[in-house]
Amino acid sequence: MTELSQQQLEQVSAALYRASVRLSCQTCSEGTLEIDRALYALEEVTARSPHGAPEGQAPPRKGRALCVVLSCERCGYMRLHSLAALGLDQMA
Ligand SMILES: [Zn+2]
């Protein structure tokens, strides 16, 4: 697992601020979203057939977005933000 350094965490926090991201939780209205130190990849999976990939093979990947996760410490709501959209895709 790739984990953000303190400097990278501060870069993500600054980029979210520049993008006018609010850290208040829109689900419970009382919690605050915190940035997870782990990086995540959201992958689009495309199947070759209606039954998926041939046995023993991974399905082909069409797209991949590197993301940071923000989660609410109160209710557990989680949200993804694309590093590319934040101008931080070189981070991973
Ligand atoms: Zn919440």
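**Entry 1: Glu10**

Is Glu10 buried or exposed? I looked it up: Glu10 counts as exposed because 12 C-beta neighbours lie inside 10 Å. My cut-offs, with C-beta atoms placed from the backbone, are these: buried is 20 or more other C-beta atoms within 10 Å of a residue's own, exposed is 12 or fewer, and partly exposed is in between. Glu10 sits in helix α1. I also checked Glu10 against Ile35: they are 25 residues apart in sequence, and 9.9 Å separates them in space, C-alpha to C-alpha.

**Entry 2: ground rules**

I'm working with a predicted model, where local features need pLDDT of at least 70, side-chain atom pairs count only at pLDDT 80 or more, and totals for chains, interfaces and linings use all residues. Numbering starts from 1 along each chain, following its sequence as written.

**Entry 3: the overall layout**

I found one helix and three strands in the chain. Helices (H or I, at least four residues) and strands (E, at least two) are DSSP runs, numbered from the N terminus. Starting at the N terminus, the order reads α-β-β-β. The chain has 92 residues, and 10% of them are buried. Next I looked at contacts, meaning pairs of residues whose C-beta atoms, placed from the backbone, lie within 7 Å. Of the contacts with a separation of 6 or more, 56% join residues 24 or more positions apart.

**Entry 4: helix α1 and what follows**

I checked the span of α1, which covers residues 6-18, 13 residues in total. From first C-alpha to last it reaches 18 Å, close to the 18 Å expected at 1.5 Å a residue. The expected span is 1.5 Å times one less than the number of residues in the helix.

Just after α1, I came to Ser20, with a positive phi of about 60°. Ser20 isn't a glycine, yet its phi is positive. Most residues other than glycine have a negative phi. Ser20 belongs to the loop between α1 and β1, and it is exposed because there are 6 other C-beta atoms within 10 Å.

Ser29 is found in the loop between α1 and β1 too. Its phi is positive, about 65°, although Ser29 is not a glycine. Ser29 is exposed, since 9 other C-beta atoms fall within 10 Å.

**Entry 5: the core**

Which residues form the largest nonpolar core? I listed nine: Val12, Cys25, Leu33, Cys67, Val68, Leu70, Cys72, Leu83 and Leu86. Strand β2 (residues 61-72) gives the most to this core, with four residues. A nonpolar core here is a set of buried Ala, Val, Leu, Ile, Met, Phe, Trp, Tyr and Cys residues joined through C-beta atoms within 7 Å.

I then followed Leu33. Not counting residues up to four places away in sequence, Leu33 touches Leu23, Cys25, Leu70, Ser71, Cys72 and Arg79.

Where does Ala41 sit? I found Ala41 in strand β1 (residues 33-45). Ala41 is exposed because 12 other C-beta atoms lie within 10 Å. Leaving out residues up to four places away in sequence, Ala41 touches Arg64 and Leu66. Ala41 and Arg64 are 23 residues apart along the chain, with 6.4 Å between their C-alpha atoms.

My last stop was Asp89, in the segment after β3 (78-82). Asp89 counts as exposed because it has 12 C-beta neighbours inside 10 Å. Setting aside neighbours within four places in sequence, Asp89 is in contact with Leu66, Leu83 and Ala84. I also noted Asp89 and Cys67: 22 residues apart in sequence, 8.8 Å apart in space, C-alpha to C-alpha.

Methods. Contact = placed C-beta atoms within 7 Å.
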